Amino acid sequence: TFVQFGVLGWMAQSPLLAAAFLFPRPGGVAGAFVFQHVAGPPLETLLNLITNAFTRKNEYEADSYSASVSKQYAENLKSSLKKLVKNSNDDPDEPGIYEFLHRSHPSLAHRIENIEEVESKKYG
């Protein structure tokens, strides 16, 4: 991403980081080394958490919209998700912390709960 390239560029030009890791002068090799082994993994984890949160939010919104179109759409969506649960090897109800850290989409159980909540609000 743009953020990662910005951090890499800054590290490639930093005399302080080059000296800290015993490189004679700043340059691409020093910056790439420090980025790859020190700054890159935590930065990538942070950016993945942020983008996964946005993706899960968009998935909930898409499900909510589909369920609000008609009661039949909501029922069909729930039926499709239940078939996915049956045909996949994924745990349908993963712990929330695992979903937060590793998944870009909500678990199928959480998606079904969201659809049922929209149904109860809209259709009674």
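This is a short walk through the structure above, from its overall form to a few individual residues.

The model is a predicted one, in which local features need pLDDT of at least 70 and side-chain atom pairs count only at pLDDT 80 or more, while totals for chains, interfaces and linings use all residues. Residues are numbered from 1 along each chain as its sequence is written, and side-chain values use heavy atoms, with hydrogens and water left out.

Let's start with the fold. The protein has six helices and zero strands; here helices (H or I, at least four residues) and strands (E, at least two) are DSSP runs numbered from the N terminus. Read from the N terminus, the order is α-α-α-α-α-α. The radius of gyration is 22 Å, well over the 14 Å that the globule rule gives for 124 residues, so the protein is more spread out than a compact globule. That radius is taken over C-alpha atoms, and the rule is 2.2 Å times the number of residues to the power 0.38. Along the principal axes, the C-alpha atoms fill a box of roughly 70 × 25 × 20 Å.

How much of the protein is buried? Of its 124 residues, 28% count as buried, where buried means under 20% relative accessible area, exposed over 50%, and partly exposed in between (1.4 Å probe, protein chains only). Among contacts with a separation of 6 or more, 59% join residues 24 or more positions apart, a contact being heavy atoms within 4.5 Å.

Now follow the chain to helix α6, residues 108–123. Its 16 residues reach 22 Å from first C-alpha to last, close to the 22 Å expected at 1.5 Å a residue; the expected span is 1.5 Å times one less than the number of residues. The buried residues of α6 include Leu-108, Ile-112, Ile-115 and Val-118, along with Arg-111 and Glu-119. The buried set of this helix packs against α3 (28–69) and α4 (71–87). After α6 comes Gly-124, with a positive phi near 85°.

Pro-41 counts as partly exposed because its relative accessibility is 39%.

Finally, step back to the loop between α2 (15–20) and α3, where you will find Leu-22. Most residues other than glycine have a negative phi. Leu-22, although not a glycine, has a positive phi of about 60°. Is Leu-22 buried or exposed? At 77% relative accessibility, Leu-22 counts as exposed.
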